[in-house]
Amino acid sequence: MDVFILLLEGIFVSFEPLNLGLLIFGCLIGLFVGAMPGLGSVNGVAILIPITFIIPPTAAIIFLAAVYYGAMYGGAISSVMLGIPGASTAVATVFDGRPLAVKGEAMTALTAAAVGSFVGGTVSVILFTLFAPPLAEVALRFNAPETFALMVMAFATFVGLGGDDVPKTIFSILIGLALSTIGLDLITGKPRLIFFNIPGFLHGINFLVLAIGIYGIGEMLWTLEETKGKVQMSKLSVNMKEVGRAFGALKKTIMAMNIGSFLGFFVGILPAAGATPASLMSYGITKQLSKNSKEFGSGVPAGVVAPECANNSASTGSMLPMLTLGIPGSPTTAILLGGMILWGLTPGPLLFTQEPEFVWGLIGSLYIANFFTLVLNIALIPAFLMVLRIPFAILAPVIFVLCVTGGYAPTQSLHDVWLMLLFGFAGYILRKLDYPVAPAVLSIVLGPLAEKALRQSLILSDGSMGIFFDMAEKPIAAIIMYIAIVLLIMPAFGPLYRKYIKKKQTT
Amino acid sequence: MSVTNKITVKRAEIAVAVILALCSIALMIKSAENRITWNAEENMGAGFLPFYLSLGMLICTVLTIIKFVLKRSPQSKDDSPFIEAEAFKYIAVTIISLVILVLAIGYLGIYFSLIFFLAFYLRYFSSKSILFISVFSLITPVLTFLFFEWLLKIPLPQGISEPLFYPVYDFMYS
């Protein structure tokens with residue numbers, strides 16, 4: 001009952017004029033950002049975070065969450081119309097969305113994507129409301145050792161579940177952590193890693209500089225290479241008859257909606273996973289379980305609904321550990337978490353007791369944003385199609401302007417703009433060679449928090465690392481640490497397991 | 001054979017791994033300017049964490065190099081160009097123009113630098129008319145000014161062009 005009252009209060013908070021205005025504006029920007037090839041929720045949030053400094057934290061998180069949410073809807077538009085995923089989260093939407101558009105049924109694909117997103121979003125927000133308070137209550141009992149163990153587990157999930165090259169993934173985590181140590185040491189106050197005695201390094205490297213560099217500059221370079229500044233779009237006729245027909249086609253997608261919503265939510269909670277693997281897994285499982293699995297890939301609405309349900313559901317799921325544990329569930333929530341620190345908040349379970357308006361305002365806004373995004377998405381399809389016709393050669397310089405001003409604004413130092421350019425270029429090169437970049441962003445956000453938790457734990461234990469593995473004294477920290485170790489060594493068993501299966505098949 | 005064809009994925013993989021290994025060593029040396037030891041009696045030295053994180057980075061790059069030598073990574077067998085010639089033009093021009101933009105911001109100030117950057121970029125890559133490019137290149141900095149200086153009250157760098165903005169500030173704050 002308490003939860004219900006808090007939720008109602010949260011919904012009222014999101015209906016306050018400033019919050020509601022920003023929510024609708026955020027949904028619109030999110031739809032636009034998601035629809036543009038090369039830009040996803042993470043890019044939108046990274047580029048826009050500097051402009052939230054002048055508004056209250058609740059309004060800021062509602063705005064950015066709406067951008068995050070809208071981008072999940074918008075990604076499908078370019079997947080269907082251009083055959084290029086608007087964001088990595090909409091890659092699986094191309095598999096059946098594009099063939100539907102080629103067959104002349106683009107409206108069916110776009111409606112399936114919008115309704116799928118709405119269902120996934122709604123189910124996940126309900127799950128979020130139910131799970132968040134009890135999880136936060138458990139997390140309130142966490143001290144420094146448990147917090148550090150959780151962070152180690154967040155890093156370990158990238159290694160165990162990320163699916164990327166293991167040394168490259170660990171390198172990405174470590175470079176993010178190393179960059180986070182630049183500046184003054186928090187215990188001794190000594191300057192660390194001040195390259196060439198440049199004073200700009202004394203204030204450390206703001207996570208935004210890395211995030212905007214990688215997800216703004218780096219992503220634009222990547223997309224310029226892919227598209228070479230051009231666009232190719234399918235034809236679309238929009239009328240009410242088409243929309244009605246599209247809704248009729250959704251009757252056969254109930255199973256896809258269920259799989260996408262629930263699987264998406266739980267995959268979204270895992271730090272390394274997020275919306276991209278959730279949508280791919282949801283597509284794969286729906287295809288396997290479907291009676292018409294052979295038709296998948298040739299243009300079936302269920303093939304659009306499954307990933308779209310999952311990516312929206314996962315985006316909400318990824319906010320659960322962010323709010324309750326202070327651990328981001330996706331690169332976008334890593335940036336949101338960094339934003340909370342910039343706004344003067346302490347991410348973690350204390351938010352539920354110290355900042356209820358912030359937490360429940362955010363949860364309430366997700367319900368409202370879900371509704372508005374569905375309406376805006378379907379109503380504004382013709383407008384988005386016009387936007388998609390903008391050649392990339394025009395969009396790219398505008399994004400660069402936003403990156404340069406966004407990189408400068410937080411610290412008002414050109415030093416940070418230079419660093420941002422460097423990270424953007426390095427991120428582009430590393431991404432081309434399959435170095436995952438998301439772990440570096442997560443690490444630079446979590447780095448200072450992890451270091452603080454580690455050093456506090458070691459002071460508690462008189463310098464003994466045993467505090468993290470003591471089942472009698474710190475059982476939660478120990479269990480989390482053991483899970484982290486399993487995740488870290490898991491990739492080593494992959495080739496052995498494949499060898500075993502191969503051997504079994506041959507005998 | 002063009003330069004872009006000579007830089008294959010294979011060559012880029014090993015070159016980047018070696019550069020990252022050297023950067024890791026440089027970070028280790030830099031970290032060692034502070035105390036890198038830690039034991040139960042004394043607190044963790046300020047250089048301890050960065051040193052061992054850089055050591056970890058070095059080990060990862062060495063593993064990447066070993067995988068390359070043993071041909072265990074997909075990149076170690078990939079002789080295709082790292083970047084196609086046409087795409088290289090886009091990337092190179094973009095990076096050079098961004099570097100010139102940031103250099104110009106420090107001298108000319110952001111608003112005038114943006115005008116030149118946008119005009120050049122759109123003229124080079126898009127087929128839009130001179131009129132469109134002129135209007136677009138002028139409106140974007142004006143909107144940027146209004147957004148940052150008027151709405152957010154965040155001053156952006158103005159370099160030698162700063163005196164030109166005094167009348168605007170007088171108007172805004174009068």
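Domain bounds, as used here, come from an automatic or database domain assignment. For chain B that assignment gives domain 1 (3-77) and domain 2 (85-173). The centres of domain 1 and domain 2 of chain B, taken over C-alpha atoms, are separated by 38 Å.

This is a predicted model, in which local features need pLDDT of at least 70 and side-chain atom pairs count only at pLDDT 80 or more, while totals for chains, interfaces and linings use all residues. Residues are numbered from 1 along each chain as its sequence is written, and chains are lettered from A and ligands numbered from 1 in the order in which they are written.

Chain B has seven helices and zero strands; helices (H or I, at least four residues) and strands (E, at least two) are DSSP runs, numbered from the N terminus. Chain B has a radius of gyration of 25 Å, well over the 16 Å that the globule rule gives for 174 residues, so chain B is more spread out than a compact globule. The radius is taken over C-alpha atoms, and the rule is 2.2 Å times the number of residues to the power 0.38. Along the principal axes, the C-alpha atoms of chain B fill a box of roughly 65 × 60 × 25 Å. Of the 174 residues in chain B, 26% are buried. A residue is buried if 20 or more other C-beta atoms lie within 10 Å of its own, exposed if 12 or fewer, and partly exposed in between, with C-beta atoms placed from the backbone.

Chain A has 22 helices and two strands. For its 507 residues a compact globule would have a radius of gyration near 23 Å, and the 22 Å of chain A agrees with this. The C-alpha trace of chain A spans about 70 × 60 × 50 Å along its principal axes, and 62% of the 507 residues count as buried.

Within chain A, the axes of helix 12 (residues 275-289) and helix 13 (residues 301-317) come within 8 Å and cross at roughly 145°. Such axes are lines fitted to C-alpha atoms, for helices over the stretch in contact, and angles run from 0 to 180 degrees between N-to-C directions. Residues making this contact include A:Ala278 and A:Ser282 of helix 12 and A:Gly303 and A:Ala306 of helix 13. Two residues are in contact if their C-beta atoms, placed from the backbone, lie within 7 Å.

Between the chains, 50 residues of chain A are in contact with 53 residues of chain B. Helix 19 of chain A gives the largest share of the side of chain A that touches chain B, nine residues.

The largest nonpolar core has 214 residues, of which A:Leu64, A:Met151, A:Leu210 and A:Val441 touch the most other members. A nonpolar core is a set of buried Ala, Val, Leu, Ile, Met, Phe, Trp, Tyr and Cys residues joined through C-beta atoms within 7 Å. Domain 1 and domain 2 of chain B both give residues to this core, so the core lies between them. Leaving aside neighbours within four places in sequence, A:Val441 is in contact with residues including A:Gly176, A:Leu210 and A:Pro331.

A:Glu16 sits in the loop between helix 1 (2-14) and helix 2 (17-35) of chain A. This residue counts as partly exposed because A:Glu16 has 15 C-beta neighbours inside 10 Å.
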